[in-house]
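Keep the structure open while you read.

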There are 4 protein chains.
Amino acid sequence: MKVSVIGATGYTGKELVKILLSHPEVEIETLTSESFAGKRFCEVYPSVKCNKICEHLELERIKSPVVFVALPHGKSASIVGNLIDRGIKVIDFSADFRLNDEKTYYKWYKVSHPRKDLLPEAVYGLPEIYREKIKDARLIANPGCYPTSVILALYPLLQNKLINPERVIVDSKSGVSGAGRNPTLATHFPEVNENISAYGVTGHRHLPEMEQELCKIAHQKVDITFVPHLIPVTRGILSTCYAELKEKLATKDVIEIYKKSYEKEPFVEVLPAGSFPHTKEVLFSNRCRIGINITDYFKVVVICAIDNLGKGASGQAVQNMNLMCGFDEQAGLK
Amino acid sequence: MKVSVIGATGYTGKELVKILLSHPEVEIETLTSESFAGKRFCEVYPSVKCNKICEHLELERIKSPVVFVALPHGKSASIVGNLIDRGIKVIDFSADFRLNDEKTYYKWYKVSHPRKDLLPEAVYGLPEIYREKIKDARLIANPGCYPTSVILALYPLLQNKLINPERVIVDSKSGVSGAGRNPTLATHFPEVNENISAYGVTGHRHLPEMEQELCKIAHQKVDITFVPHLIPVTRGILSTCYAELKEKLATKDVIEIYKKSYEKEPFVEVLPAGSFPHTKEVLFSNRCRIGINITDYFKVVVICAIDNLGKGASGQAVQNMNLMCGFDEQAGLK
Amino acid sequence: MKVSVIGATGYTGKELVKILLSHPEVEIETLTSESFAGKRFCEVYPSVKCNKICEHLELERIKSPVVFVALPHGKSASIVGNLIDRGIKVIDFSADFRLNDEKTYYKWYKVSHPRKDLLPEAVYGLPEIYREKIKDARLIANPGCYPTSVILALYPLLQNKLINPERVIVDSKSGVSGAGRNPTLATHFPEVNENISAYGVTGHRHLPEMEQELCKIAHQKVDITFVPHLIPVTRGILSTCYAELKEKLATKDVIEIYKKSYEKEPFVEVLPAGSFPHTKEVLFSNRCRIGINITDYFKVVVICAIDNLGKGASGQAVQNMNLMCGFDEQAGLK
Amino acid sequence: MKVSVIGATGYTGKELVKILLSHPEVEIETLTSESFAGKRFCEVYPSVKCNKICEHLELERIKSPVVFVALPHGKSASIVGNLIDRGIKVIDFSADFRLNDEKTYYKWYKVSHPRKDLLPEAVYGLPEIYREKIKDARLIANPGCYPTSVILALYPLLQNKLINPERVIVDSKSGVSGAGRNPTLATHFPEVNENISAYGVTGHRHLPEMEQELCKIAHQKVDITFVPHLIPVTRGILSTCYAELKEKLATKDVIEIYKKSYEKEPFVEVLPAGSFPHTKEVLFSNRCRIGINITDYFKVVVICAIDNLGKGASGQAVQNMNLMCGFDEQAGLK
């Protein structure tokens, strides 16, 4: 099957191309890049053995049955819309189709949504929750990296109504590639190196996305306090989530509940009591590792590690494609 | 005034020696080190211009009126006791005199305390809270690095009874020097680099220390969920603290309360609304910087940055010495 | 084909296991580890999905036709000898069979070689030079990481007698994984981080190995000045080599000579004029990238990047196995 | 004495302000910054306790008797000229007055020099070589960071005619702050982290500066092959220099020659045989540490460590000011 990538030379695009090259069922047709049009992909990223030449985007020339769109928020929606209109299946990396409510989208992204008509049919591409819908979808909103780590961390607790939804704290730590490839002072090496800092404390765009999905799982309002932190590593997210148990459960009981929730999931691993994940363990993979502890006072701590460019972006996108196209869900991701 | 350092060649010892060398009121008499006895201090740490030869500890030869003891927990108490018995003032870096209750000490450190008799008179060396007691003390228990960052972050909230003490979450991130200079697999460069992980999730020794001090401030039980994380930087601690406001206050109101609490403190800085500290800003200093935010649902987030070897250890020790000896509190620390 | 790894839990062992798991022609039979015997491999390295249990080494139980031995220098030779005696093909990661001359071995490693009898038949496992011999070999001495980068950098120059062999300078920079997994003060995170240093300046064990191989290529004495440096990265070697051209050649001429030398090599890439390799481009691969420049005064600068655990160790070992066993040379390494 | 800094908010400006604040003889009058005009210095750099407001440059308002100019190459010369014309002493951080020959300047910087008239009187501000001239100078060209490390490494060898000047190799490794504070893809954290690379291989602007100064010392042509490398650390330069001895000297002999050359130098340290400097030892200081080794074939290896922002820029600038103004040479730098 032919696939194309629009916006192939950002970090998520690069990771996606690398995975697609080793995928047994697909072949890359077109790679587009405005910044590097005319260059071979391997000139932009010598670590990836891909000789294909990056092209300027000419939408009508994109004809492959599946297209990945890795463009910035706001720029993506109309391009995605064009492809969908032409019967092409799309996996969109931007936030443009993640929020069901156009007003929430406007509040956080400050642009009027150009393709509101497609919002109802866009499927949030988290296979652990929406697998069946993904199989039938034309348009996948590939989840954000923070929301992926947080929703997978909290899903069994909320689904089983084990925690007080009014008091959920999420403290996330992310590598710098999450900020993209565009150089800024905040991502300049001497500023990031040997530094630890929080950012987006008064409001981060991934918060409404988490809230929307966690509320759907809980069937009620979930109040999340979310603070992301920038850590001097290139890749990896560790989300440490804190909540209050409604009843007195032991660590091993909660671990059993998680194991049951995720028993058929190929990419989610629940660790034994006393073990907690390191981001290093999941780098360059589509894996998600989760460790759990209950404190003496029945607070639950759930720690979740993913690779922000793997399960947090491009790995998950390929998992979604596999489901949409009837491939082995793990194809290209083992 | 002459001062000595017992256990001078660990990372806190090194930082202490560096500060003492530039202190206008003191002169170093004796430096002891079992691992590097016979070597000049500058051979062990070429970055520090100190030609003094490290000696094996012979307690009776230590005669300076003030001694800093930077030995491991358990090894410290009896040596500190000997010095106190001989009329020497001691600032102890270990945990041996931080916990008021010998049973709590035994529970966490698994050794019977050899000098219980001194526990009542040991003063917890956090000047922002115990300044007057420190001035009169003979024996200072220099606080742990995590507790320093957490107590300073939460003090105004608990003192003013603004938060629910049953739901305090502390998510701390620390540099690797906090683990000391003894090489282990957990601190081996290829294991730490490009990695983010939690540790001590099921119980860290700094938890009872925080609880003890925060309970004293609150005059009631405080339930803290504490998760420390190891970050690939050498120095710095960022503690992100989460609690629930009892009444509906705005960010600016809470900032005012903090500013009032700390208005006379030379080393504590309360940031304006929307600003949050980076560890980089406090490295190699005795400063503590605090940023505050109130969420839409009246959760309070307090972020506190210190240098674990500065305000979290050796800077604070010198601040304590300055108070005990009647020097300018900022001497050697500007 | 079944293969075994003796000493599987060091960093080279880990990388080897990871490659072997994805190799289309082989299956892992036995993994041995003295430190982690009884544990599953994935418990030691959660990033590698391998459930096999690590065993204590019992030589007689090792029966696979090919065995990788990743033991420390000195410990390897007699075990390798036992396997060879029993008709098993061996790829040895240690230096024990790299030096042809037992006296040189004794001089640098301070042990008398226990299996001198095997030295004549051991083949130095650098396929770009010894491919045909490797195909017929029973015992491969897998090259050191520094020598691999340096020999590949200088081979075309010496083979074509283009440089003065009395004045070769090699300045290498290596990541910390090259020092192995055993924690030491020199590899303790706070010591390595934010630091650049040379080591082994007065003599590094990889020097005689380079000299031996470069002299064979040049058919004369080659005087190499070699200074390795420790860089705060986990993986990667960059060797910057300097020599004096015998005749006045331009950069493009020398690049052509390199391209011709390596035109059939699947893992060696010669960059165009003005381009120089970054270690990041070759990480997690068996690739070697080389950039060349000639100065105004006809000094030649050759810069070579490899992954010390890839082409510098485990990737190359698998390349050697592929040749010995008649597999596609790139199997498992694409 | 009042001093001003033009271009105070780059990394060298920041380091300079930090040193000046602790200098016993000077007071900062004016700080200028085009990017941050109107902001307090401590808002730009919270780690520096300086409340002064950064101003737009209005040359006629600068009246302090000494001014540091930390502007980019090309922009500096005319401003420096204006100050000199008005009788103000200037220490210029740019390259504009480092090269004696305007043609060489044009060749490397591609601008016609606007104040050629001042070139003859500009003094190259390396106190170890030009101390007496610096004392009388009005205009100091503060040396580049690489040249400082290289000239100090090679000075005793060339001054004493011990090496063949036709074969000098310099392999330098630098931290990222040397590239300045302007964010670029090359200094973007995910690009630099876990990477080692050479740059400027075909020609770096610091080469003519080194050549000019080393030729003056040698009283003959010196051919230097210079390759700088970018290392993932914030600060520090390690220059490893290779040359060929003219006569057979032992390591200890050469060390003695170095010790004699530098015996009166407060900031240059010659290490004993077998010891080599780490950049970590000189960070945040004006120190320069040098280690030396002679190989079996009489090649000399000289390794020199400085802080690129200390002795490589702002520390040296203050050392120059101290000499120009008759202060203790070490004032503010101990």
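Five residues of chain C are in contact with five residues of chain A, where contact asks for C-beta atoms, placed from the backbone, within 7 Å. By class, the chain C side of that contact has one nonpolar, one polar and three charged residues. Here Ala, Val, Leu, Ile, Met, Phe, Trp, Tyr, Cys and Pro count as nonpolar, Asp, Glu, Lys and Arg as charged, and the others, Gly among them, as polar.

A word on the ground rules: this is a predicted model, with local features needing pLDDT of at least 70, side-chain atom pairs counting only at pLDDT 80 or more, and totals for chains, interfaces and linings using all residues. Residues are numbered from 1 along each chain as its sequence is written, while chains are lettered from A and ligands numbered from 1 in the order in which they are written.

Now for chains D and C: 35 residues of chain D touch 35 residues of chain C. On the chain D side, the elements giving two or more residues are β7, β8, β9, β10 and β13, and β10(D) has the largest share with four residues. Helices (H or I, at least four residues) and strands (E, at least two) are DSSP runs, numbered from the N terminus. Here is how the two sides split by class.

What does chain A look like by itself? It has ten helices and 13 strands. Its radius of gyration, taken over C-alpha atoms, is 19 Å, close to the 20 Å from the globule rule for 334 residues, so chain A is as compact as a globular protein of that length. That rule is 2.2 Å times the number of residues to the power 0.38. Of the 334 residues, 58% count as buried, meaning 20 or more other C-beta atoms within 10 Å of the residue's own.

Finally, the helix pair. The axes of α6 (145–159) and α8 (206–218) of chain A come within 10 Å and cross at roughly 20°, with axes being lines fitted to C-alpha atoms over the stretch in contact and angles running from 0 to 180 degrees between N-to-C directions. That makes α6(A) roughly parallel to α8(A), a label for angles under 35 degrees. Among the residues that meet are A:V150, A:I151 and A:L154 in α6(A) and A:M210, A:L214 and A:I217 in α8(A). By class, this contact has eleven nonpolar, two polar and two charged residues.

Technical notes. Parallel < 35°, antiparallel > 145°, perpendicular 65-115°, else oblique. Contact = placed C-beta atoms within 7 Å. Buried ≥ 20, exposed ≤ 12 C-beta atoms within 10 Å, placed from the backbone.
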